[in-house]
Amino acid sequence: MSSGLSGFVSELCEAMREIMREGAAEAYAKGRADEAARKETAALSVAETAKMLGVARSTLWKWEKSGYLVPAKVGRKVLYKRGEVERILTKAGRANN
């Protein structure tokens with residue numbers, strides 16, 4: 001009877017380990033997805049955006065007027081989505097995260 005109980009406990013422990021491995025893998029994947037989403041929507045100031053793209057502030061203004069890179073305006077703040085800026089860098093072949 002002791003070996004039956006021991007076998008049951010071993011199987012139960014192994015099943016719990018597998019559940020924990022699957023849960024950890026899912027949590028890791030979700031964390032990576034959340035990180036990507038945060039990075040995509042992170043806001044950059046005009047100065048940060050101009051520096052990252054290597055352009056003047058007036059160029060950003062022209063791009064806004066043409067619809068090429070449109071910022072979000074929060075009160076008096078002008079903010080750019082990091083993901084959109086990185087897409088422009090990728091198109092230009094200058095992505096260096």
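Select β1 and β3: 2 bridges join these strands, which run antiparallel. Strands (E, at least two residues) and helices (H or I, at least four) are DSSP runs, numbered from the N terminus. Two strands pair if DSSP finds at least two bridges between them. This is a predicted model, in which local features need pLDDT of at least 70, side-chain atom pairs count only at pLDDT 80 or more, and totals for chains, interfaces and linings use all residues. Residues are numbered from 1 along each chain as its sequence is written, and side-chain values use heavy atoms, with hydrogens and water left out.

**The sheet**

Stay on β1 and pick L44. Its bridge partner in β3 is Y80. The 3 strands make an open sheet, ordered β1-β3-β2, with antiparallel pairing. β1 (43-44) and β2 (72-74) are the edge strands, each pairing on one side only.

Move to the β2 side. Here 3 bridges link β2 to β3 (residues 77-81), and the two run antiparallel. Select A72: L79 in β3 stands opposite. Then go to the turn. β2 and β3 form a hairpin with 2 residues between them. G75 in this turn has a positive phi of about 65°.

**Stop at V78**

V78 sits in strand β3. Is V78 buried or partly exposed? V78 is partly exposed, with a relative accessible area of 24%. The cut-offs are under 20% for buried, over 50% for exposed, and partly exposed in between (1.4 Å probe, protein chains only). Show its contacts (heavy atoms within 4.5 Å). Not counting residues up to four places away in sequence, V78 touches L44, S45, V46, P71, A72 and K73. Draw a C-alpha distance from V78 to A47: 10.0 Å, for residues 31 apart along the chain.

Next, select α4 (residues 82-91). Axes are lines fitted to C-alpha atoms, for helices over the stretch in contact, and angles run from 0 to 180 degrees between N-to-C directions. Colour the buried residues of α4: G83, V85, E86, I88 and L89. After α4 comes G93, with a positive phi near 75°.

**Helix α2**

Select α2 (residues 46-53). V46, T49, A50 and L53 are buried. Look down the axis of α2: its buried residues fall within an arc of 100°, so they line one face of the helix. The arc is that of the directions from the helix axis to the C-beta atoms. The cover over these residues includes β1, α3 (57-66), β3 and α4.

Zoom in on T49, in helix α2. T49 is buried, at 0% relative accessible area. Which residues does T49 contact, leaving aside neighbours within four places in sequence? They are L44, L60, L69, Y80 and V85. Just after α2, find G54, which takes a positive phi of about 70°.

**Where α2 meets α3**

Last, show α2 and α3 together. Their axes come within 9 Å and cross at roughly 100°. That makes α2 roughly perpendicular to α3. By angle, under 35 degrees counts as roughly parallel, over 145 as roughly antiparallel, 65 to 115 as roughly perpendicular and the rest as oblique. From α2, select V46, A47, T49, A50 and L53; they meet R57, L60 and W63 in α3.
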